[in-house]
Amino acid sequence: MSFSGRKFSTSKAPSSAEACSKIHRQFRSAHEGHRPHAGLDPSRASTGVVWCTERANEHGFQDDPASWANLGQGAPEADDDIPGSFQRPKTIDISVSSREYGPTAGIKPLRLAIAALYNAHHRQGKESQYTWENVAVVPGGRAGLIRIAAVLNNAYLGFFIPDYTAYNEMLTLFRNFAAIPSPLSEEDSYHIHPDKIAEEIARGTSVILTSNPRNPTGQVVANPQLSQIQDIARDRATLIMDEFYGGYNYTSGCDGTTVSAADNIQDVNEDDVLIIDGLTKRFRLPGWRVAWILGPKEFIKAIGSCGSYLDGGTNVPFQEAAIPMLEPEKVRNEMKALQTHFKMKRDYVLGRLEEIGFKFKHVPDSTFYIWLDLSGLPAEINDGLNFFQRCLEEKTIVVPGIFFDLNPAKRRDLFDSPCHHFVRLSYGPKMDHLKRGLDAIEKIVKRCCNQASSFL
């Protein structure tokens with residue numbers, strides 16, 4: 001799908017195509033809505049994956065989640081049965097000191113452990129090394145992104161389409177920067193080229209935000225191109241690198257290598273690169289809400305301080321429990337197990353989808369997502385919202401692509417979105433859930449086509 005020729009809506013009236021679709025009307029109503037409470041912005045009440053889960057609950061998901069295939073939630077399986085993976089704690093010791101308020105930048109022992117991990121995996125032989133003062137611990141990735149946004153100077157902030165759904169809400173919370181979207185091309189595998197970064201900076205962008213590896217497309221920008229991007233931005237722009245999926249890297253033979261901009265930083269206190277990661281994805285502990293930001297000391301000092309008025313800091317007992325997990329060799333072995341297991345699941349899901357009749361121009365080489373193109377399907381199911389609705393009827397959850405069209409100014413009609421004919425599938429869940437969800441998708445496609453392989 002090309003991004004050329006996209007139309008921009010100049011009124012709030014939905015198009016005729018939207019008006020004829022119940023699920024589109026429901027989506028539009030939830031995001032524009034009336035104001036039943038004087039102080040409530042209804043557009044904040046139901047966003048992204050939460051909106052999808054609410055629609056699933058209307059079909060019974062909340063009452064019997066075990067009978068559903070949730071391929072929408074952006075979380076990996078959290079059990080202890082992945083071969084080669086270390087056992088997660090089932091209990092934790094709670095020290096007397098952890099009953100007190102913790103530092104809003106995180107406890108020093110954990111900050112030391114995070115710095116040591118990055119130095120071992122990404123700074124070997126380099127003169128400039130991370131210290132604990134280059135690390136802020138935050139209560140989850142969203143909290144970390146909001147802290148970063150809170151300390152940014154007046155700036156043009158560039159971001160790319162498609163990308164992580166929560167950016168959309170974050171980019172509308174603050175008035176200290178103007179968000180500038182930049183669409184990527186499907187024909188080019190949604191790749192961020194160094195020339196693209198140079199163009200953004202040339203038009204006045206001084207902050208660039210991106211996930212890498214990329215959610216939802218499952219593509220990664222690795223060296224040497226990642227290094228070239230950082231060279232272009234050095235002394236010219238601040239890079240915010242969301243690296244939560246860095247461990248889900250299938251480009252290096254599942255050897256445990258983690259993709260990170262930390263490899264290419266010349267001076268940890270001079271290069272304006274902020275890296276955000278945590279236990280959520282690659283350590284498969286989303287419920288712990290322990291994440292971190294690495295960057296220059298001056299940035300980290302401000303990010304730590306603003307936690308006092310934004311989120312109050314991270315749970316101290318869980319910070320203490322995280323420290324032994326971050327021993328560098330232990331992490332390397334964990335990443336090997338993670339990559340081997342999730343690559344196997346990726347290959348299974350791609351194989352099933354190809355059997356159903358889908359074709360893939362580009363195989364995802366990272367994350368645990370598949371950006372599924374629906375444009376070849378019959379009209380009644382070839383857009384993300386209607387496909388999502390049919391999946392709900394089969395007890396399966398996917399995420400419509402429009403949630404990854406970061407459109408904080410809400411200028412586009414839904415049917416004009418470059419992400420409209422896509423859904424994101426997650427192969428994060430356990431294999432039995434993947435099989436159940438793919439069976440449902442196959443049933444939907446067969447019902448709408450004479451033969452499963454005839455629609456493309």
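The model is predicted, so local features need pLDDT of at least 70 and side-chain atom pairs count only at pLDDT 80 or more, while totals for chains, interfaces and linings use all residues. Residues are numbered from 1 along each chain as its sequence is written, and side-chain values use heavy atoms, with hydrogens and water left out.

The secondary structure comprises 13 helices and 12 strands; helices (H or I, at least four residues) and strands (E, at least two) are DSSP runs, numbered from the N terminus. Of the 456 residues, 57% are buried. Here buried means under 20% relative accessible area, exposed means over 50%, and partly exposed lies in between (1.4 Å probe, protein chains only).

Helix α6 (residues 166-173) illustrates this covering, as six of its eight residues are buried. These are Ala166, Tyr167, Asn168, Met170, Leu171 and Thr172. Their cover includes α5 (141-151), β3 (155-161), β4 (177-183), β5 (207-211) and β6.

Where is Gly144 placed? Gly144 belongs to helix α5 and is buried, with a relative accessible area of 0%. Leaving aside residues up to four places away in sequence, Gly144 touches Val138, Ile276 and Ile293, where a contact means heavy atoms within 4.5 Å. The C-alpha atoms of Gly144 and Trp292 are separated by 7.2 Å, although these residues are 148 residues apart along the chain.

Charged side chains come next. Side chains of opposite charge can pair when their charged atoms come close. The whole structure contains 22 salt bridges, each defined as a side-chain nitrogen of Lys or Arg within 4 Å of a carboxyl oxygen of Asp or Glu. One of them joins Glu58 and Arg55 (2.7 Å, N to O). Because Glu58 and Arg55 are three residues apart in helix α3 (residues 48-58), about one helical turn separates them.

Another salt bridge joins Glu77 and Lys430 (4.0 Å, N to O). Glu77 lies in the loop between β1 (69-70) and α4 (108-122) and Lys430 in the loop between β12 (422-426) and α13 (431-448), so the pair ties together parts that are 353 residues apart in sequence. Glu77 is buried at 7% relative accessible area, whereas Lys430 is partly exposed at 26%. Both belong to a network of salt bridges that also links Asp79, Asp81 and Lys345.

Finally, Glu270 is found in the loop between β6 (238-242) and β7 (273-278). Glu270 counts as exposed because its relative accessibility is 56%.
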